[in-house]
Structure formats: structure tokens, C-alpha cells
Amino acid sequence: MFHIQKPLRRICVARAPTLLQSHSVPNALPKYLAQRSRSTLQRPTQRPDRASPALRSDHSARRTIHPPHVKRADISQRIPHYVESWVKSADVQRKLAIMGLTDEDIDWLLLRFRDVALDETSSPDFSTALREKWALDFLEDQCHLASTGRETEAAFNRTILSRFLSWASTQPGPPAKDSPPPSSLTAAPDNITTFSPYYNLATIRHLFDLQDAPALYPKTRRMKRKVILHVGPTNSGKTYNALVALANAHSGVYAGPLRLLAHEIFDRLNKGLIVLPQVPGEPAQSSVRICNLVTGEEQRIVDPEAPFASMTVEMLNPNVPYDVAVLDEVQMIADPERGAAWTKAILGLRVKELHLCGEERAVGLVKSLLEDSGDELVVHRYERLTALTVSSKSLQSLRNVKPGDCVVAFSRQDLFTLKYAIEKKTGLRCAMAYGGLPPEIRAEQAQLFNDPDSGYDVMVASDAVGMGLNLKIKRIVFSTLTKWDGRRDTPLTVSATKQIGGRAGRFGLHEEDSTGLVTTLREHDMNALRKAMAGTIPPLTYAYLEPSPEAMAELATLLPPTTRFEDVYNLYQSSAMVRAPYRLQSLKYSKTVKRAMEIVNEHYEGMPTWECMNMLRVPFNYSNHALRDVARNMAHAHTKKASVPLKDIFEGTPLLKALEYVTEVRQKALKPQPDSNTPAKRKKMLQQLGDEEHTLLRNLETCHKALTGYLWMSYRVPAAFSDRVEASDMKEQVERGIDFYLTLLAESQAPEVVDNYATRRRAIRAIRKTGSNGGAVELSQAETTPRKGSHTHVAQSI
């Protein structure tokens, strides 16, 4: 614990009237001096371990959280108060320790900085130089936009840290223990010429400064780009016009949010399916364009020198120049998890002409971004090509489902319940599309639905139908207008409702009347549907930025070599300064990132930062226990062995057994047998799988995701993840197994519909609890009564 020395007390007394005046606290001088004399820099007697969670000292727990909105005129007067809290914060001390400062350095610097900061901010009028030192423009903007007191406090803390790093990087080290104490603690100038042992803090501060986002791409800023923004509703032709401009260029790239979209454009360019306008009097030109496919999990190189490429947004390289680029679904720039990839593309792509396709709500945000970058912007607006009508009444019963309908639900359980019920009550066969299915299977199911001779007349789908699939849907039927967000059922957003509903009546896919219809399964949802379809979508306000792997790697080199990756990551997240209309893509509260970080901490200690970033970005859903085990196996093999054998990643999981079992049953089914294609035979095969709860199908889907993750790593660390060919072959084998499973479901006689899927699960669990005596279990009323929750509405509507 530090105690204020006598010379410091005299300074405190001299400064007290100014501070008291700035805070408007009358008659508080005795109390002020008493608090200062005890200690204004109390700290824990023992510094916590650096690996522990972020700390909250007693001081931080008692600090005052100011209202979110602070008047601009009052912001500079609030700084002294926040400085006092900041220098006492255990979290600040932990950050400085992560930066490599010793306890002695931290104590000495914070004592001196407090007096420097109070001297600089004691005057109500800031000079231009002082405003720049304290980044007051950034602080005023952040305080104006803050919606909570914590956001206001975070803005002050980031500003104070930035000023501290700038000041500390010029300071000499603490005096030797036998040196006499200084007569005063006046501020040392920022331009001190003597060597400072803290010089690397200036570089760290520079890495944290993201206030000028366009300047992160200096090569692009030297170009004069033309940006054409195509906006309109679903099925308005906006993307088609952008693709015509792409195919008409000498070189170009398409980037979309999904592998399905990248595959589609890859096929259309190579097959010449994007028809170019013909110039009168000139010979017709070929529409075929040599194009490569590049996604996180797959690369198809038609020609290494191909002038065109189709890829997912995250795979774009800003350093590769093109004539034309098409960036699809630009409204995803505001997505908290993936939006940074769109921001990077808009600001960084080195193209002469950039085409952005998306919704009207993105116009204002894109204009704001391009004003900062200095690029020319042209906005083209489109109207829907076919009519879209909300039905006058709900479907009321699944018996009223017709060919061409798409019934939408938002849980896997509801989807299978709907499929069974529709096939039982109407005799129509249903194709399926949901997020858990591999993209290749979703595309196959879409082809079955679109083919009039396939026998699949109805689509049962999740919100995955809203993007990436061209379907001949005549009517969209919402089984519900709420979606489980992990904690509760929440209403669908207006944007999501319109995007899904707009899939009905696609232009060019219907020979007859192409008017699209939208309705609900239940009557009491109709008013909400009408409001959503007629509603306006609020404009986007923020674009997301993320720390680049290069910046993270450079930051790691400036910290002690024993610093854990989690500390590097969290330090950047909590310290970076980003100005509106940008936000830092913070994954701090994501369960997925927390679980991935646990694996990185467990296995990647001492590994390079870029390898830790790769492991953190593997496209795994870490809420799935089997995928977590796969990730651990990958990380363990990666750090302990020279290579990662493919089969090693499945150790301790049921995934390979599920694949082997389905493959065996499928091979038997392919052998010619009498009556092998009858519904009874198909039902017998389905019963042979013994998969009443579709656990087998779920394991196949998880196995596909595991293989996708392995392939993703194989393109980033090919020396370690070298079984790429084997992984691709196994991935195709899994896709055949899933397709076989779904075919059995479609061709076998639909089983009896259970009123509530959760009830069936509870009943099966109760039967399994009978033990070795084989006695029957009598289910209680609580176990057999359907629970009120997110999945009961479908059964009640059937």
C-alpha cells in the first residue's frame, strides 16, 4: 500500500479547490483531504495471477457510474474524476503488468501520471494540442453515442489509457532506491530526449489507435474507386445487374456470405450462364469466363492464371487488384460476428469498380464509410420484379399445404415434426433445408424441390431458405414468427421476415402466375405478419472492425514472451479506440469464443499468435460437445505432433461409428433385392438404423462439420493438416450418407406424429432408466404432459 508523502500532500491541497469546483461539491475539503491522505492508490498486497479473469477491486466496485449521456462541455471537466478511479483500478494494473511493466514501474508511473493528468485537465479550456493529446474528439463522440453508463466509463478508460501510454513511453525509469526523493512530482515533457525503458508503449498505443479506419489500407487510398450500390427488396434483380458488370470486365471477383452462393456464381461464370448484353453491329461475344472457387473449406483452381474468382467474403485478399468486384448482402456489415469482413472489403479492395448489393437500410452507413475513404458513390434502386401478397387468412391446417409451398420453422425438432405431419396428412413428399445440413445437401434438396418430376412437391425449411437458394416457391407458410435465441423465444425481425417471405414468387422460376403469397400456419400470427411485411426496416448505424492477425501478432511481440494468447486478445479488445460509425467486433461475451479460447489456452501455450488466431476462427459450433472434442483433438495433435492425422481428430467421439454404420446400411440397400424399393422395405431400413430421435443424422451432420473444419485448417497450415484428399473423400461419403438417410425418411411410410417431440424424448429417457431388471416404468403425468415452450405450437396446429 502506498501513502502520500508530505510534498505530495501539499500539491493535493493546492489542487483541491480546482477539483472541487469542477465537481461542484460544496464544503467537501476536509473529506477530500482525509481520503487523499489515506491513499489514492490502494492496491492489492499481492498481484493476482495474470491468467485469472478480469479483476474488480473494492475501488472499482464502489465507483460511481455516471449517466450515459454527458454534455460535450462537461466532458473535459469529468476527466479528473475518471483519472482518480483509473489509477486505482486493479484491472488497469493488470493490463500494465501484461504489457511487461513490473510492480515498481506500475506504482511509480501511476503516481506520476495522476499528477500530470490532473495538471493538464484542471483548466476548463483545452488548447488544440491538449485536445489532441487527450483524444477529446474521440471521447466526445463516444460519450454522445453511449447508451449506458458503462459505455461512457469505457470511453473514458480507453482515452486515459491512450494518454498514459503516450506519456509513459517518454519517461525515465524509477529512481534507484538509494536516490533522494524528488522535491516535486512535476510532469516530464512528452518529447523527452533521454532513453526511456518504456519506449515500446508508444508502439502499443499506435496499434490500439483505429480511429482512422480507411487509413488501414494505404494502397487502396491511393486509388480513385467508383462504388455502385445496388439496393432493393428480394427478387428485384439487383444482384443480376452487378453480375453482368462483373462478367463484362477483364478481371473480377464475386464475394458472398455463403459457400452456396460462391458455388453458384462459380458455375454460372464458367458455364457462361450470365448473359452479356450484345452490342448492335458487333459479333456476339462468349459469356464463358474462367473462374476459380475459393472458400474457407474448398478451393477449385480451374486455372492458376484465371482472371475471375468466386469466394466467401472472409477469403478476400485486399492486396489482389481487380477491375470489378461484387460484394453481396452488404447489410451484413452490421453483423456483430461477421460484419468486419464486409467492412474490410469495402474499405480495402483494390478495384476500379466496386458493386455492393443489399438492402435499402445499408445506404446511409455505406455513404458514411465512403465519405471517409474519398470514393465516388452511385446508388441504384430496384423494385421487386413480381408481386408479393400477404394472404387474407392463415393456413389453419397442414391438410391445406399445396405443391409449391415452403413451410418455415426455426428448430430442428419442429422441422421433422412438420415433415412427418405434412406427408401423413397430404401424401406430398417434402424436401428439407436447414442450417445443420451441409450446403451440398441443401443444394440437392433444392434441386429436388425445383424439379417437377422428382416427386418432392413441398419444402420444409428453416431461415436458411432466406439466402443462397433459388427455389420455385409459390407460397411461404410461417409455422411461427418467433425464434429461440439461446435464452428465450424472440419475435422475428422485420428484416428476417421480409427476406424469408420474399422468397415466394421468384422471377423467372414460374411459367405461370409468378405472384408470391405469404401466410402463417396459425390465425393469431397473421396480424404480426402483416405488420412486418408492411413495416420499414431501421437504417444501419454501425460497421464492425476486427483486429487483424498482423496487428495481433505485432502486439504479441511487444509483450513478454510468456504472455498467454487470451491476455493478448482481451488486451486489444478492451483498449482499441474506434470511432463512429465503426465498432470493434467484440467477441468477449460469445460462448463460442470463450470455449474456443479454453482450448487455445489448454494446448497452444507458447505457440505463435497467428496459429492461435487460426484455431480461434475454425468454423465450429462449440456448443456441440462432439465438435469441442474434435477441436481438442486437433489442437493436441497440432501442438504435440508434426502432423494431424485425420482419424485422430475423431478419437473419443461417436462420429466415425455413425458414418461407418450408415455406410454399411446404404451399401446393403444398393444391392439388387426383390421389392427393395417398396415403402415397407424402406421403413424396415429406417427402423434398422434405430434412430427415433435422429441422433444418427445429427452425428452425421456433426461429422461433416468436423471434416469441414479440418479442410479449413488444411488451407492455412497445410504442413500439419496434410490429409486433405482423405478428408475431402470422407466428406463426400458423409454427404452420401445424409442423402441416403433423408431419402429413407421421404420414401418410408411416415411414422405416427408425436404431439410433442420433447415429450417423446422424456419418455425414451424414462424407459432407459429401467435398469438391468427390465421392468417397465410408469410415466408420471408431468413426464407425459407436453411442456409449454418453443416447440409445442406446431403440434397444437396439426
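Relative accessible area sorts residues into buried (under 20%), exposed (over 50%) and partly exposed (in between), with a 1.4 Å probe and protein chains only. The model shown in these views is predicted, so local features need pLDDT of at least 70 and side-chain atom pairs count only at pLDDT 80 or more, whereas totals for chains, interfaces and linings use all residues. Residues are numbered from 1 along each chain as its sequence is written, and side-chain values use heavy atoms, with hydrogens and water left out.

**View 1. The salt bridge between Asp648 and Lys641.** The side chains of these two residues meet at 2.9 Å, N to O, where a salt bridge is a side-chain nitrogen of Lys or Arg within 4 Å of a carboxyl oxygen of Asp or Glu. Lys641 has a relative accessibility of 42% and therefore counts as partly exposed, and Asp648, with a relative accessible area of 25%, is partly exposed.

**View 2. The salt bridge between Arg564 and Asp567.** Here the N to O distance is 3.9 Å. Arg564 counts as partly exposed because its relative accessibility is 25%, whereas Asp567, at 5%, counts as buried.

**View 3. The crossing of helices H12 and H13.** Helices (H or I, at least four residues) are DSSP runs, numbered from the N terminus. The axes of H12 (residues 238–247) and H13 (residues 259–271) come within 12 Å and cross at roughly 50 degrees; axes are lines fitted to C-alpha atoms over the stretch in contact, and angles run from 0 to 180 degrees between N-to-C directions. The two helices are therefore oblique to each other, a class left for angles that are not under 35 degrees (roughly parallel), over 145 (roughly antiparallel) or 65 to 115 (roughly perpendicular). Tyr240, Leu243, Leu246 and Ala247 in H12 meet Ile265, Arg268 and Leu269 in H13, contact meaning heavy atoms within 4.5 Å.

**View 4. A network of salt bridges.** Arg259, Glu297, Glu440, Lys731 and Glu735 are linked in this network, and the structure as a whole holds 28 salt bridges.

**View 5. Ser166 in helix H9 and its separation from Ile204.** Ser166 is found in H9 (residues 149–168) and, at 23% relative accessibility, counts as partly exposed. Ser166 and Ile204 are 38 residues apart in sequence and 9.3 Å apart in space, C-alpha to C-alpha.
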